[in-house]
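Good morning, colleagues. Please have the sequence and the three-dimensional view open while I speak.

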Amino acid sequence: MVCGPYEVFFLAFARLGLLEWGIRRLLVKIELETIPVWDGLRSGSECFICDLMAVAGEDALNYYLGPAIMVPEIRVEINRKGFCPTHFQALAEKNKAQSLSLVLDTYMNESKGELYPLLERIGECTSARKGQKLYAQLGEWVAKREKGCLVCDYMDQRLERYVRTVAALYRDDAEFAKALAEGKGFCIHHTLEIAHGP
């Protein structure tokens, strides 16, 4: 008998006498993911996904300025990826100087460690052709350093989860489909996200 991943899951839990526990746990997870979507729909907002994403942005900012900064793995991730200018400004506007200074201290030290040798090579350069190559490398380094943003990534993950949840509720829950049809819908940006799907 060939089993797919779900069958293996159910067989393993059934053998252990945990099938009912596993199903309840799965249903609780699904229920927890639908609560914010239902609350957003019931809010009567012009685009409840925009509202949910604003909350997600605040959650991410608070996370990266909260206890997470003391977790070494998070600090490594911050040093590697950093924040975009928009979210860096938002972090600064939170007025949590100590948290932000801890984040920036290691981020700037790592940046200086990568940048200073390149700047020294540019300063010592005597050839115009070599100087152009070094300036190009500097431009690539800056573009790479500013490319990532942990807050943007967090919000993208949340948006994907909300889109998936909206699609699943619309497909499986007639009450949700009716409420959505009677609601105000979505903004153009989120309509495109939902139409594109997860």
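Let me begin with a definition: a residue is called buried under 20% relative accessible area, exposed over 50%, and partly exposed in between, with a 1.4 Å probe and protein chains only. Before that is applied, the basis of the talk: this is a predicted model, in which local features need pLDDT of at least 70 and side-chain atom pairs count only at pLDDT 80 or more, while totals for chains, interfaces and linings use all residues. Residues are numbered from 1 along each chain as its sequence is written, and side-chain values use heavy atoms, with hydrogens and water left out.

First, the overall composition. The protein contains 10 helices and zero strands, where helices (H or I, at least four residues) and strands (E, at least two) are DSSP runs numbered from the N terminus. In sequence order the pattern reads α-α-α-α-α-α-α-α-α-α. Of its 198 residues, 31% are buried. Its accessible surface is about 13,400 Å², and carbon and sulfur atoms supply 59% of that; such areas come from the Shrake-Rupley method with a 1.4 Å probe, and for residues only the protein chains shown count as cover. A contact means heavy atoms within 4.5 Å. Among contacts with a separation of 6 or more, 73% join residues 24 or more positions apart.

I turn to the helix pairs. Two packed helices are described by the angle between their axes and the distance between the axes. The axes are lines fitted to C-alpha atoms, for helices over the stretch in contact, and the angles run from 0 to 180 degrees between N-to-C directions. Angles under 35 degrees count as roughly parallel, over 145 as roughly antiparallel, 65 to 115 as roughly perpendicular, and the rest as oblique.

How do helix 6 and helix 7 lie to each other? Their axes come within 9 Å and cross at roughly 170°, so helix 6 is roughly antiparallel to helix 7. On the helix 6 side, the contact includes Tyr-107, Glu-110, Leu-115, Leu-118 and Ile-122; on the helix 7 side, Leu-134, Gln-137, Leu-138 and Trp-141 are among the residues involved. By class there are nine nonpolar, two polar and four charged residues. Here Ala, Val, Leu, Ile, Met, Phe, Trp, Tyr, Cys and Pro count as nonpolar, Asp, Glu, Lys and Arg as charged, and the others, Gly among them, as polar.

Leu-118, in helix 6, deserves a separate word. Its relative accessible area is 9%, and Leu-118 is therefore buried. Leaving aside residues up to four places away in sequence, Leu-118 touches Leu-134, Gln-137 and Leu-138. Between Leu-118 and Gln-137, 19 residues apart in sequence, the C-alpha to C-alpha distance is 8.2 Å.

Helix 6 (residues 97–124) also meets helix 4 (residues 72–81), with axes within 9 Å and a crossing of roughly 50°. The two are therefore oblique to each other. The crossing is right-handed; a crossing is left-handed if the near helix is turned anticlockwise from the far one by less than a right angle, and right-handed if clockwise. Arg-75, Ile-78, Asn-79 and Arg-80 of helix 4 face Leu-102, Val-103, Thr-106, Tyr-107 and Glu-110 of helix 6 in this contact. These divide into four nonpolar, two polar and three charged.

Val-166, Leu-169, Tyr-170 and Asp-172 of helix 8 contact Ala-174, Phe-176, Ala-177 and Leu-180 of helix 9. This contact has seven nonpolar, no polar and one charged residues.

Thr-34 lies in helix 2 (residues 19–42) and is buried because its relative accessibility is 9%.

Finally, two residues at the surface. Is Asn-95 buried or exposed? With a relative accessible area of 69%, Asn-95 is exposed. Asn-95 sits in the loop between helix 5 (85–93) and helix 6, and its phi is near 55°, a positive value in a residue other than glycine. Lys-144, in helix 7 (residues 128–147), counts as exposed because its relative accessibility is 65%. Its C-alpha atom is 9.0 Å from that of Lys-81, 63 residues apart along the chain.
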